[in-house]
Every structure is written in C-alpha cells, then in structure tokens.
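This briefing covers aromatic contacts, charges over rings, and pockets. Please look over the sequence and the structure before reading on.

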Amino acid sequence: MIAAPDRTPLPRDFFDRPVLEVAPDLLGRVLVRETPDGPIELRLTEVEAYAGEVDPGSHAYRGRTARNGVMFGPPGHAYVYFTYGMWHCLNLVCGPEGMASGVLLRAGEITEGAELARVRRLSARNDKELAKGPARLATALDVDRRLDGTDVCAGPGAPLNVLTGTPIDPDLVRNGPRTGVGGEGSVHPWRFWTANDPTVSPYRAHTPRRPRT
C-alpha cells in the first residue's frame, strides 16, 4: 500500500538552510496555491538553486535592489519576478536572513485543481505540460508580482504554502547545468530534477541575445 503524501506544512527551519541543501530536498514536496476559485496543488519535480551575491547567475549577485529585496530574507517567503516583459517566475527564499538565496520552481505535476490550471494554460497539449517550465508553472498557479513576499510558512489558507508531500528517493535525484544561464554562472550544476518524470522541462543552454542594429 502506497502512503498518501504528508500534508504537514514545511516549517521555516526547512528553508533556513544552505540553498544547495534546500533545492534537491524540495523535489516531491507539494506546493498549494489558494485561489478565489479554489486550491491548486503541485508536486515539485524540477528546481534550480541560486546563491545570491556569490552566484553570477543570481538576481542578487550585484546586491540588494527594490526588485530582489525579498531574496535577502527572512527564509520561507516567495520571490516572484517578471521576465521578458511577459512571464512571471516563482522562487522560494532560503538560507539565513541577510544572505540572499532562493530556489526557482521550474516544473511540477498538478495533482489537484487541474481544471483551474487548464483555464490559464490553454496552449498545454496535456496535463503533463500544465506546469512544465517556470513561466508555465507560475501561469498555471496564477502567480504574479502580487505574491512577491508571501510567507509560505503561514499555514493553511495562505495564498501559497508548501506541504511535506513525499520526498523522492535520493537515487532518483539528477542534477546538471541551470537552464538558460550564461557567463560564469553557467558552470554550476545547480538544476535538480526527478529522473524520468514527464513533467520535467527540457534543458536549454544559454543563447546570447543579438545586439540591435
């Protein structure tokens, strides 16, 4: 008999650890998004770690700004950013307060509320694609900048919270380069995913933008 996922909320001290410990440990956890239309739940299958001011790939690499302030803590809060003028991406802040780091939520399986996610992801060919990629995940869960700074450890009823779920077998954790990260940050194998899971997004190397002529 397979045990049901543990619905105990993750405590703040889960997030108050180094980002490279938190990131792979998030695989198999359940993210709950409470919307006006009902809850949507997602089992995390792919994440990326960003280590703040020591990480050239991080938004916090050059220090604190109005945009990235949430990354500097306290841990257990959502950092939501807007990218390419079109998409939002959702991160979970971790590590000690004052030292910016966070985990980008890249992909997952919608386990409850798929009918709500489908309305927001009309281009998805099937339910495995509803949250296959960070922008798709945020879109499916109706996440935007209004949720920046949300306390994900506030418990049931909060806009976002994370449940214990069913952590995956360590033998199924894979890691490699982060998607779309260039320069010095491209060398870090800080993308973590669940092996052979169909909701994991495809890896794409960084492609430099062509200068305007």
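What volume does the second largest pocket have? The second largest pocket has a volume of about 190 Å³. The model is predicted, and the points below are grouped by topic.

**Second largest pocket**

- The lining of the second largest pocket includes Arg-17, Pro-18 and Val-19.
- Ala-51, Gly-52, Glu-53 and Val-54 also belong to this lining, as do Gly-95, Pro-96, Met-99, Ala-100 and Ser-101.
- By class, the lining of the second largest pocket has 7 nonpolar, 3 polar and 2 charged residues.
- Gly-52 and Gly-95 line this pocket and count as polar here, because Gly is placed among the polar residues.

**Largest pocket**

- The volume of the largest pocket is about 1,200 Å³.
- Its lining consists of 37 residues; nearest the centre of the pocket lie Tyr-84, Arg-106, Pro-134, Thr-179 and Gly-180.
- The strands β3 (38–50), β4 (78–83), β5 (87–93) and β6 (102–112) each supply at least two residues of the lining of the largest pocket, and so does α4 (134–140).
- The largest share of this lining comes from α4, with 4 residues.
- Divided by class, the lining of the largest pocket holds 14 nonpolar, 14 polar and 9 charged residues.

**Aromatic pairs**

- The count of aromatic pairs comes to 2.
- One of them joins Phe-14 and Phe-15 in an edge-to-face arrangement, with 5.1 Å from centre to centre and 80° between the planes.
- Phe-14 counts as buried because its relative accessibility is 8%, under the 20% cut-off.
- Phe-15 has a relative accessibility of 1% and therefore also counts as buried.
- Tyr-79 and Tyr-81 form a pair with ring centres 5.7 Å apart and planes at 40°, so this pair is tilted.
- Tyr-79 and Tyr-81 are both buried.

**Charges over rings**

- Arg-17 has its charged end over the ring of Phe-14, at 4.6 Å from the ring centre.
- Phe-14 is also a member of the edge-to-face pair with Phe-15, and Arg-17 is one of the residues that line the second largest pocket.
- Arg-191 places its charged end over the ring of Trp-193, 4.2 Å from the centre of that ring.

Definitions and conventions
Residues numbered from 1 in each chain as written. Predicted model: local features only at pLDDT ≥ 70, side-chain atom pairs only at ≥ 80, totals over all residues. Heavy atoms only, no water. Phe/Tyr/Trp six-rings, centres within 6.5 Å; stacked < 30°, edge-to-face > 60°. Buried < 20%, exposed > 50% of the residue type's maximum accessible area, 1.4 Å probe, protein only. Lys NZ or Arg CZ within 6 Å of the ring centre and 35° of its normal. 1 Å grid on protein atoms, 1.4 Å probe; cavity = no way out; pocket = protein on both sides within 12 Å on 5 of 7 lines; lining within 4 Å. Points joined across faces, edges and corners; volume = space filled by probe spheres on them.
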